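I opened the notebook for a new model today.

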Amino acid sequence: MANPKIQIIVKNYGTMTAELYPEMAPKTVENFLKLAKEDFFAGLIFHRVIEGFMIQGGGYDAQMEHKECEAIKGEFAANGFAANTLKHDRGVLSMARTSDPDSASSQFFVMHAKAPHLDGQYAGFGKVIEGLDVLDKIATCPTGSYGWYMQDVPKDTIEIETIKVVE
């Protein structure tokens, strides 16, 4: 059976198509597909962008209001899940989390460049197979701070119109 594919449709930027790897992170992929099918991501933004590193989204709306959802177990080596050997190379999708290894929920990041220090520390679960130009456009947008607590926030809103599952 083929790996599931998703499309991350970003307003005014284009579409990134990614292949997901349930063999690397089964619960993570299941959770992400469930949220996508519920249209959870519609209207959320990429709220953290660091050129040469990654873009992060899936947790905040344009007013910087956090959208809550249930957390899942972190599927990565440092959390006792050895099956996930996905490297954090350019285009890889991975789950964001707090210092709690089991705090991943809806926020994800897309690697703009290779970051081997994240391997085994975060649950990689997919990879962009089309639309790396969209990733590059987002990664090079101007950023600043939001209040005293959030850095690397795009100066102009980068909205996720939707994330859809491509059967």
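My entries follow in the order I looked things up.

**Ground rules.** I am working on a predicted model, where local features need pLDDT of at least 70, side-chain atom pairs count only at pLDDT 80 or more, and totals for chains, interfaces and linings use all residues. Residues are numbered from 1 along each chain as its sequence is written, and side-chain values use heavy atoms, with hydrogens and water left out.

**Cores.** I looked up nonpolar cores, meaning sets of buried Ala, Val, Leu, Ile, Met, Phe, Trp, Tyr and Cys residues joined through side-chain atoms within 4.5 Å. Buried is under 20% relative accessible area, exposed over 50%, and partly exposed in between (1.4 Å probe, protein chains only). The largest core has 37 residues. M16, F41, F46, F108 and I138 have the most contacts inside it. Helix α1 (residues 26-37) gives the most to this core, 5 residues. Helices (H or I, at least four residues) and strands (E, at least two) are DSSP runs, numbered from the N terminus.

I then took F41 and listed its contacts (heavy atoms within 4.5 Å). Not counting residues up to four places away in sequence, F41 touches F32, L35, A36, G58, S106, F108, I160 and I163. A second, separate core has 10 residues, including M24, M54, M111 and A115.

**N79.** I found N79 in the loop between β4 (54-61) and β5 (92-95). Is N79 buried or exposed? N79 counts as buried because its relative accessibility is 16%. Beyond its neighbours within four places in sequence, N79 contacts K73, G74, P101 and D102.

**Cysteines.** I searched for disulfides, pairs of cysteine sulfur atoms within 2.5 Å. The count is 0. C69 has 22% relative accessibility, so C69 is partly exposed. C141 has 11%, so C141 is buried.

**Pockets.** On a 1 Å grid over the protein atoms alone, I took a pocket as an open set of points where a 1.4 Å probe fits, with protein on both sides within 12 Å along at least five of seven lines; lining residues have an atom within 4 Å of a point. The largest pocket has a volume of about 220 Å³. Of its 13 lining residues, H66, R97, T98, S103 and Q107 are the closest to its centre.

The second largest pocket has a volume of about 170 Å³. Its lining is M1, A2, N3, P4, K5, L33, K37, V165, V166 and E167. Elements α1 and β10 (160-166) each give two or more residues to that lining.

How values were computed:
Points joined across faces, edges and corners; volume = space filled by probe spheres on them.
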